[in-house]
Amino acid sequence: MYKKKDLSIDFLGIHLDSPFVLSAAPPTDELEIAYNGLKAGWAGVILKTTSVEGNPVELKYPMMSSFGPMHKKVVGLGNIDLISAYHIDEVERRVKALKKAFPNKMIAASIMGATKEQWQTLVWRLKKAGADLIECSFSCPQGSMGEEPGKMLAQSVEATEKVTRWVKEAAGDTPVLIKITPQVTDIVEVAKAVKRGGADGITASNTVPSLLGIDIKTFEPYPNVFGKGAYSGLSGPAIKPLTLRTIAEIAKNVDIVISGNGGAFNWRDAVEFMAVGASNVQFCTLPMHYGFRTIRDLKDGLAHYLMDMGFNSPMDIVGKALPNIEPQEELPAPITKAEINEDKCIGCGLCYAACSDGGHLAIEWDSNKRRPHVNEDKCVGCAMCMQVCPVDAIRMKEKIDGQLHYFVEER
Ligand SMILES: Cc1cc2nc3c(=O)[nH]c(=O)nc-3n(C[C@H](O)[C@H](O)[C@H](O)COP(=O)(O)O)c2cc1C
Ligand code: SF4
Ligand code: SF4
């Protein structure tokens, strides 16, 4: 019998009724929409990034494009948005209004300044307005203001440490998250700079700079702004593996709280983010695509998972996968072979093509039966055939120290 699980966590001293919050983006850029998100059951909002009055924000439309292997299916969403067109005065009002309406939810705000005075003014004003947490955008793909013009602030270790110190100096006991970019040579150095600067945590991470596509008849890029285009920030499922790696790298090397963000699309993704070290998970593309009601599936899925696994709290998941992530040279060396389940096989031939032209000529094709057969003498166990099988008829068997293990990828 399914009993409702308590999904609440303590995140940097803030009570969250689940680990799932709305990230700084369009779902938190209008008071009414943010209100609806909290009402639908999200544990908190991070209001879209704001700056001081007068800092120009010139938005260009259309600002969105997407890509996917099937026409129009959103595997990745690209945007050329900037920070909010609402400045701090409006955001102060929203923090107060949301805090009043939802005293038990996390009301956080995201900021971007150009100078020390601007960063600190933003913090002081939001703190006074009652923000539970302040997130600093060091990673807008369209570039930062001030310190590193044209570049993302988090691409400079020095600037990251310096600005983090300014912000934390002003924030005092209000928790500060620094939102970084995965687009750096050494993410660990950036995370260490955040820690040295005194922030309470890291948001790992943001959209990834990208070019969404080119119209091959007009040679105009997407999103198409009257024939011209700019590099976009890529979000959604396409960036999930990058985010997983970013979170894991930080968690393995720096002792700091992590808020996972970038590509989570369902409760399983969220569990994966937490398993590699995130304490909570932020979402943007999921609610933008399917609406705020997605929180119900996230919470139900997590509750069932915790129960099935015998965990008491979502925090029991945090970091669970980290001991299993090792450098390639330290991995074990089993003898691995592909095994085909003939009962499941539908004879599509994809594994044969993959192994013939992208593997090791280890799959033979019986054209009478229209069925593949693995020649174990030739199979090196690369697992390419398993990736392409549309009906999961292939699994890998691994033998080490005389013991046989079977391995499938469950997603
Ligand atoms: C249209 C759009 C606007 C965004 N604006 C901001 C912003 O103002 N500040 C910020 O920190 N992140 C911004 N983001 C990034 C999201 O908060 C989030 O980090 C990113 O979309 C990755 O998460 P996801 O894959 O769950 O969407 C924006 C994302 C989108 C799609
Ligand atoms: S595991 Fe690799 S080598 Fe073996 S059958 Fe599959 S594709 Fe071929
Ligand atoms: S890819 Fe799968 S279904 Fe297709 S032939 Fe190979 S084993 Fe059969």
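1. Let me start with a hairpin: E18 and E19 form it with 4 residues between them, and Arg-370 in the turn has a positive phi of about 55 degrees. The labels H and E stand for helices (H or I, at least four residues) and strands (E, at least two), taken as DSSP runs and numbered from the N terminus. E18 and E19 pair in the antiparallel sense over 4 bridges, where two strands pair if DSSP finds at least two bridges between them. Within this pairing, Ile-363 has Val-374 of E19 as its bridge partner.

2. A word on what you are looking at. This is a predicted model, in which local features need pLDDT of at least 70 and side-chain atom pairs count only at pLDDT 80 or more, while totals for chains, interfaces and linings use all residues. Residues are numbered from 1 along each chain as its sequence is written, and chains are lettered from A and ligands numbered from 1 in the order in which they are written.

3. Now to the barrel. It is closed, has 8 strands with parallel pairing, and runs E3-E4-E7-E8-E9-E10-E15-E16. Neighbouring strands of this sheet are turned by 25 degrees against each other on average, direction ignored; the axes are lines fitted to C-alpha atoms, for helices over the stretch in contact, and angles run from 0 to 180 degrees between N-to-C directions. As background, strands of a sheet pair through backbone hydrogen bonds, either parallel or antiparallel.

4. Strand E10 (residues 201–204) and strand E15 (residues 257–261) pair in the parallel sense over 4 bridges, and Ala-204 has Gly-260 in E15 as its bridge partner. Helix H7 (residues 267–275) packs on the sheet, where it touches strand E3 (20–22), E15 and strand E16 (280–283), and its direction makes about 135 degrees with that of E16. Helix H6 (residues 240–253) lies across E10 and E15 and runs at about 175 degrees to E15. Contact here is between two residues whose C-beta atoms, placed from the backbone, lie within 7 Å.

5. Which residues of helix H5 (residues 187–197) are buried? They are Ile-187, Val-190, Ala-191, Ala-193 and Val-194. These residues cover an arc of only 155 degrees around the axis, which puts them on the same side of H5; the arc is that of the directions from the helix axis to the C-beta atoms. Their cover includes helix H4 (157–171), strand E9 (176–180), E10 and H6. A residue counts as buried if 20 or more other C-beta atoms lie within 10 Å of its own, exposed if 12 or fewer, and partly exposed in between, with C-beta atoms placed from the backbone. Just after H5, Gly-198 takes a positive phi of about 100 degrees.

6. Ligand 2 has 15 residues around it, the closest being Cys-355, Gly-359, Cys-379, Cys-382 and Cys-385. H10 and H11 are the elements that give two or more residues to this shell. A residue is near a molecule if its C-beta atom, placed from the backbone, lies within 6 Å of it. Around ligand 3 there are 14 residues, and the closest are Cys-345, Cys-348, Leu-350, Cys-351 and Cys-389.

7. Ligand 1 is surrounded by 27 residues, with Ser-23, Thr-49, Ser-235, Cys-284 and Thr-285 the closest. Strand E4 (44–50), strand E6 (76–79) and helix H8 (285–290) each supply at least two residues of the shell.

8. Finally, some backbone details to look up. The peptide bond from Ala-204 to Ser-205 is cis, with omega near 0 degrees, and Ser-205 sits in the loop between E10 and strand E11 (208–210). A cis peptide bond also joins Tyr-61 and Pro-62, with omega about -5 degrees. Asp-392, in the loop between H11 and E20, has a positive phi of about 50 degrees although it is not a glycine.
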